[in-house]
Amino acid sequence: MNNSEIKVTVVIPIYNAQDFLRDTLEDAIGQTLREIEIICVDDGSTDCSAEIVREYMRKDSRIQLICQENQHAGVARNNGIENAKGEYLAFWDADDRFERNLLEKLYEKITSSNADICVCNANRLDVPTGDLIRAEMYLLEKFLQGADEYSKESHPAYLFNIATNVPWNKLYRSSFIKENNLRFEDRVRANDVYFGMMGFYLATKIAVVRERLVTYRVNNKDSLTGTQVETPFCAMDAFMAVHESLERAGGLDNLQIRQSFENRALQSLLYALHQNTDGNAFIKMYEYLRNEGFEKLGIIDREDYYYSEDAQLSYRRMMTMAPLDYVLMHGADEKKKKQEHIRDLKIKNRELRDSVNALKKENRRLNNKINNIKNPLGWIARKLYVIKDVKSKEMGK
């Protein structure tokens, strides 16, 4: 395949992903869009990941392997960008699942819309339990307002809130990335925040595919998010970098874009804080956000400004509570939410069970009707038997 024929380059950063890597590579080589190249960037893995890629290279010539010292996923993705030849770029994680028609659907949408970015919806898969979760954060319909395309002109107040910053549910025009010198940051965590948000800001048009075409594994102990403990300020630093770039570009002069940014920053930083399981790191981040971090990003207490009531409540608590009191209060809230969720699931389960029983009863009735239509003589014979039995009783009287 000539370079000019490559429609999409799939960049996959890999670090100790041997448990799930074969699934991801099977999804890649099985894509219905065939004119692709697959660049695997091994980020200094110490397991069998690189050998697994070489195994697949022997099966499919579209796969190539780049090896680098451990510099984290952002640098690995940038390495992929530098070597990509495709007209469009996709950035997959090495431990997720991708529908086989994902690239075809996103390619068709982004080309027909003449967009710079195309985003699709996704599910979450809980690794320990195997539960498939219909997540809502990857594409929020309430902010899309029924649109199939959006940009800072059409949706300034929700530009950064319609979809998350993750790169794996998006397709990017290669020329758009290179012309704007968009690159992932060199951070242990949150290296996709700058790339994702500045991409949304700079894009002339972002197209939408509502189908859930990615399954993102969560609670995977070996993933980047699963090991988030000792880097509490990565997310804060990433949002500061976006804030500075938007300020230089004049983006924050638009009050709706500013509101969108501050909402995204607040919710994402609270998520990063709540994900931190190291007590000392949690307290450091908590105190920093409360004392100066939030204010640096323009996050202050306002009425009718924040899109999430839970986020605003958490912010207000942080401003008045010690870290331990906050944790206890937040834990109580989460426990209550889980109890309410379990109650709602039980109610739904009962309703479904009642519906199933009603459908079974209706199915039996329809089957009987079908059998009567198929065998009218049998039906007539039963009726004659009933009539004969009634007459016999009458004669006996």
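**Where two helices meet**

Q: Which residues in helix 9 and helix 11 meet?
A: From helix 9, Leu266, Gln267, Leu270, Leu273 and His274 are in contact (heavy atoms within 4.5 Å) with Ala311, Ser314, Tyr315 and Met318 of helix 11. By class, that contact has six nonpolar, three polar and no charged residues, where Ala, Val, Leu, Ile, Met, Phe, Trp, Tyr, Cys and Pro count as nonpolar, Asp, Glu, Lys and Arg as charged, and the others, Gly among them, as polar.

Q: Before going on, what kind of model is this, and how are residues numbered?
A: The model is predicted, with local features needing pLDDT of at least 70 and side-chain atom pairs counting only at pLDDT 80 or more, while totals for chains, interfaces and linings use all residues. Residues are numbered from 1 along each chain as its sequence is written, and side-chain values use heavy atoms, leaving out hydrogens and water.

Q: Back to the helices, at what angle do helix 9 and helix 11 pack?
A: Helix 9 (residues 255-275) and helix 11 (residues 309-320) pack at about 65°, and their axes, which are lines fitted to C-alpha atoms over the stretch in contact, are 10 Å apart. That makes helix 9 roughly perpendicular to helix 11, a term that covers angles of 65 to 115 degrees.

Q: How many helices and strands does the protein chain have?
A: There are 13 helices and 10 strands in the protein chain, taken as DSSP runs of H or I with at least four residues for helices and of E with at least two for strands, numbered from the N terminus.

Q: Is strand 1 mostly covered or open?
A: Strand 1 (residues 8-14) is mostly covered, since seven of its seven residues are buried, meaning under 20% relative accessible area with a 1.4 Å probe, protein chains only. Val8, Val10, Ile12 and Ile14 lie on one side, and Thr9, Val11 and Pro13 on the other.

Q: And which way does strand 1 run against strand 2?
A: Strand 1 and strand 2 (residues 36-43) run parallel and are joined by seven bridges, with Ile14 standing opposite Asp42 in strand 2.

Q: New topic: what is the phi of His72, and where does it lie?
A: His72 has a positive phi of about 85° although it is not a glycine, and His72 lies in helix 3 (residues 72-83). At 23% relative accessibility, His72 counts as partly exposed, which is the range between buried and exposed, the latter being over 50%.

Note on methods
Axes fitted to C-alpha atoms, helices over the stretch in contact; angles between N-to-C directions. Parallel < 35°, antiparallel > 145°, perpendicular 65-115°, else oblique. Pairing = 2+ DSSP bridges.
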